[in-house]
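Student: Please pick one part of this model and take me through it closely. Then show me what lies around it.

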Amino acid sequence: MAVQKNQSWEPCFASRMAGMQASEIRELLKVAERPDVISFAGGIPDPALFPQNHIRKAYDEILSDPILAGKALQYSLSEGDADLRAWIATHMGSKGIACSPDNILITNGAQQALEFLGKLFISPGDTALVQAQTYLGALQAFAPNQPIYDDLQLENTNRTSSSYRSTAKANDSHVRFSYVVPDFANPTGETMSEGARGKLLDLAHRLNIPIVEDSPYAPLRFEGQPVRSIMALDIDQCGGIERSKVIHCGTFSKIFTPGLRVGWVCARKDIIARLCLIKQASDLNSPAINQLVMLHLARGMYDTQVSKTIAHYRQKRDVMLEALEKYMPNGTIWSRPKGGMFIWLTLAKDIDTAALLPKAVAQCGVAYVPGHAFFADKSANNMLRLSYSLPSISKITPGIAKLAEHFCVD
Ligand code: PMP
């Protein structure tokens, strides 16, 4: 029988692949790795902050103890290491979320938690409520489940629970869950007020849907009073985690390192049990050795590492805000984040940030993420996300100056 050459497997792919496209951010990160490019693109921690020596010592200690090494290199519980879950439960408790280790599932970063939550709640054609600009990685994590998105609006809006319901109904759909990044959001850098958090809780109760609270940046507050997490507010109202509609995703990626891939979900036990089934099917367990190392770091230096990270990124944010003020053309507006890693820029209406990106990289040696990447409907041509976390302080001002010139000339 003749063998067909270069046969496309496209017809064999599952329908879920239709919603899965290459990530613009990942493609950009490849370019940003070039040493001549000043990258404001990826939301990447500064490697200068990684506690490399502590990490090396923790691996050494674990691997030189035969009993610990046996545990670290073995398959382990799908829920995650019991001691790490206990540390996280106490940590959540200090943030007003009283919970037990049974309310915690360890995941390979918050990203895996988002993927699992998409699997848990969304069937093809279901509606998910997401904010107009939202974390691109969440849209990617939910995509295989083929959701329909509706624009979650919480302030200055006439959207109500019945309007969300009827929009879904018009699409032959049901609203299944809502997703937010409430603190120093990726991509806008903005923080939801307590009022907006209350409105979201009210909406979720009326629609009888869970709220996914994705919170990787909350510990990185540079100034001002912390706003209580949506889960803490809900627990106050409903009387305990087992009645809460909020599912909270946390991570060590932005504090210690994303390289060990340790994050968690905090939720009522029945949700954790379902997610645990998904975890078993997906990868059995997160690497035990990385969990033990993370526990070592968390116990030994969580608070000092948070303070160090805050001081470092606050300085970078200040330099970037100053440079924007000095160089950006009139009519440009930007967010002034009180923490986290991102600034959101809105340029004059006729500027197309996606079209200008290749030239910005090739001619100016500066990278950013065009705003449309963060919209489920790919709108927002004149916006972009800047991240100040990665470039060295000395590169921020020249990078912004070059970018501003690029936007003026084009
Ligand atoms: N959520 C948001 C809002 C993020 O910005 C990121 C990282 N870019 C993640 C989740 C994933 O983080 P992790 O490294 O914990 O998977």
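Tutor: Start with a definition: buried means under 20% relative accessible area, exposed means over 50%, and partly exposed is in between (1.4 Å probe, protein chains only). Helices (H or I, at least four residues) and strands (E, at least two) are DSSP runs, numbered from the N terminus. This is a predicted model, in which local features need pLDDT of at least 70 and side-chain atom pairs count only at pLDDT 80 or more, while totals for chains, interfaces and linings use all residues. Residues are numbered from 1 along each chain as its sequence is written, and side-chain values use heavy atoms, with hydrogens and water left out.

Our part is helix α9, residues 230–238. Seven of its nine residues are buried, so the rest of the structure largely encloses α9. The buried ones are Ile-230, Met-231, Ala-232, Leu-233, Asp-234, Ile-235 and Cys-238. What do they pack against? Strands β5 (175–180), β6 (211–214), β7 (246–251) and β8 (263–266) are partners, and so is helix α8 (194–207). Contact here means heavy atoms within 4.5 Å. Gly-239 follows α9, and its phi is positive, near 95 degrees.

Now follow the partners. The loop between β5 and α8 holds Pro-187. A cis peptide bond joins Pro-187 to Asn-186, with omega about 20 degrees. The loop between α8 and β6 holds Asn-208. Phi of Asn-208 is near 55 degrees, which is positive although the residue is not glycine. Asn-208 is exposed, at 57% relative accessible area.

Next, the cores. A nonpolar core is a set of buried Ala, Val, Leu, Ile, Met, Phe, Trp, Tyr and Cys residues joined through side-chain atoms within 4.5 Å. The largest one has 101 residues, and Phe-252, Leu-324 and Leu-386 have the most contacts inside it. Helix α11 (residues 288–327) gives the most to this core, 17 residues. Apart from it lies another core, of 27 residues, including Phe-121, Ile-122, Val-212 and Ile-247.

The axes of α5 (residues 109–121) and α10 (residues 269–283) come within 10 Å and cross at roughly 110 degrees. Axes are lines fitted to C-alpha atoms, for helices over the stretch in contact, and angles run from 0 to 180 degrees between N-to-C directions. The two helices are therefore roughly perpendicular; that word covers 65 to 115 degrees, with under 35 roughly parallel, over 145 roughly antiparallel and the rest oblique. Phe-121 is one of the α5 residues in this contact, and Leu-275 is one of those from α10.

Leu-324 leads elsewhere. Leaving aside neighbours within four places in sequence, Leu-324 touches Trp-334, Ile-343, Leu-345, Leu-386 and Ile-400. Trp-334 has Leu-345 of β10 as its bridge partner. Strands β9 and β10 (residues 342–346) pair in the antiparallel sense over two bridges; strands pair if DSSP finds at least two bridges between them. They belong to an open, antiparallel sheet of four strands, in the order β9-β10-β13-β12. β9 (333–334) and β12 (369–370) are the edges, each with a single partner strand, so one side of each has no neighbour in the sheet. Helix α11 packs on this sheet, touching β9, β10 and β13 (383–387), and its direction makes about 15 degrees with that of β10.
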